[in-house]
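Please look over the structure shown below, and keep it in view while reading the report that follows.

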Amino acid sequence: MVSPPFWGAPTSYLNFCEEDYVITRYVAEFINTLSSFTYMIYGLYGLYHLHHNQKPNSTPRSIPYFGLIGVGICSAGYHMTLKYHTQMSDELSMHLLTTPLLYRILTFQSTPQRKKTTGVVLFTLFTIVMVVHMLMDEFVLHAVSFGSAVLVITVKTLRIIRVEIKDERVRGKVGRVALFGVGSFIFGYLVWLIDEFACGMWHVFTAIGGYIAVAIIDLITSGEVGRDSVGELAWPVAGVGRILGDGVSEGVEEVEKRK
């Protein structure tokens with residue numbers, strides 16, 4: 001006799017590639033639930049790195065990493081249960097990650113008054129989006145606002161890297177890693193579109209992209225961008241930084257040889 005699903009029949013309006021409750025009656029989508037832990041792993045690594053190395057202002061800097069962990073927890077809860085309320089929490093967690101990142105990148109080198117105003121505006125917009133989304137079951141506003149937030153974060157971060165990092169080598173390496181993060185996030189989205197053929201892998205690629213965004217924004221807004229900063233990031237980001245290089249090393253070495 002087959003045991004009934006522990007969480008009951010699905011009530012979410014989205015269902016993904018896996019057949020429900022095949023592995024265990026306690027987890028609806030096993031692979032998607034398992035891959036959601038990627039966000040938590042990167043978030044925990046970021047927190048460990050901040051506090052183990054006794055970074056200044058580690059408490060406020062921890063918030064985006066907690067957001068990354070929250071995305072993993074809510075995503076796992078959603079795919080484990082396939083309930084409407086856990087789907088709402090999953091979608092809410094996406095904004096709990098992007099909103100602190102928006103605040104940090106928009107208030108970089110700003111006055112205290114502008115920081116306060118930006119915080120109020122972002123909190124108001126976040127509240128409006130979530131209330132409308134959850135009470136009216138309106139998906140378009142959620143999707144558009146999240147996509148807009150990702151776009152603003154990407155454009156502003158790349159601009160700050162180009163303008164504020166004076167060392168050409170550091171700028172080259174950080175910029176290349178940031179672009180790799182953008183590419184990883186976009187690739188994860190494309191994988192999500194073909195979910196039937198790449199079950200759960202979008203979590204891995206979007207988690208890498210999300211982690212790079214959190215880590216790079218933390219480095220540049222805290223003034224800790226150095227030659228070896230990228231090397232301190234989690235796998236595979238540190239390795240990617242070494243492979244991509246800074247884009248100027250070979251030219252510099254060639255000049256030195258000619259002298």
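Two residues are said to touch, or to be in contact, when heavy atoms of theirs lie within 4.5 Å. With that in mind, Val 225 touches Ile 165, Val 170, Val 174, Leu 219 and Ile 220, if residues up to four places away in sequence are left out of the count. The model in which these contacts are found is a predicted one.

**The whole protein**

The protein contains ten helices and zero strands, and its pattern, read along the sequence, is α-α-α-α-α-α-α-α-α-α. Its radius of gyration is 20 Å, which is close to the 18 Å that the globule rule gives for 259 residues, so the protein is as compact as a globular protein of that length. Taken along the principal axes, the box filled by the C-alpha atoms is roughly 80 × 45 × 35 Å.

Of the 259 residues, 45% are buried. Among contacts between residues at least 6 apart in sequence, 67% join residues that are at least 24 apart. The protein exposes about 14,000 Å², and carbon and sulfur atoms supply 67% of this area. As for charge, there are 21 positive and 22 negative side chains, and the centres of the two sets lie 12 Å apart.

In soluble globular proteins, nonpolar side chains tend to be buried together. Here the largest nonpolar core has 39 residues, of which Tyr 211 and Ile 216 touch the most other members. At least two residues of this core come from each of helix 2 (37–52), helix 3 (58–81), helix 4, helix 6 (139–164), helix 7 (168–193) and helix 8 (201–221). The largest share, ten residues, is supplied by helix 8. Leaving out residues up to four places away in sequence, Tyr 211 touches Tyr 42, Tyr 45, Tyr 65, Leu 68, Leu 233, Ala 234 and Val 237. There is also a second, separate core of eight residues, and among them are Ala 28, Tyr 78, Leu 82 and Ala 198.

| Residue | Relative accessibility | Class |
|---|---|---|
| Gly 43 | 0% | buried |
| Arg 104 | 16% | buried |
| Val 225 | 23% | partly exposed |

Gly 43 is placed in helix 2, and its contacts, not counting residues up to four places away in sequence, are Tyr 65, Leu 68 and Ile 69. Although Gly 43 and Tyr 65 are 22 residues apart in sequence, their C-alpha atoms are 4.7 Å apart in space.

Arg 104 belongs to helix 4 (residues 84–106). Why does Arg 104 count as buried? Its relative accessibility is 16%, and buried means under 20% relative accessible area, so Arg 104 falls into that class. Not counting residues up to four places away in sequence, Arg 104 touches Arg 61, Pro 64, Ile 217, Asp 218, Thr 221 and Ser 222.

The C-alpha atoms of Val 225 and Ser 58, which are 167 residues apart along the chain, are separated by 16 Å.

Conventions
Residues numbered from 1 in each chain as written. Predicted model: local features only at pLDDT ≥ 70, side-chain atom pairs only at ≥ 80, totals over all residues. Heavy atoms only, no water. Helix = DSSP H or I, 4+ residues; strand = E, 2+ residues; numbered from the N terminus. Rg over C-alpha atoms; globule rule 2.2 N^0.38 Å. Buried < 20%, exposed > 50% of the residue type's maximum accessible area, 1.4 Å probe, protein only. Areas by Shrake-Rupley, 256 points an atom, 1.4 Å probe, with all protein chains shown as cover. Lys, Arg positive; Asp, Glu negative; His and termini not counted. Charge placed at Lys NZ, Arg CZ, Asp CG, Glu CD. Core = buried A, V, L, I, M, F, W, Y, C linked by side-chain atoms within 4.5 Å.
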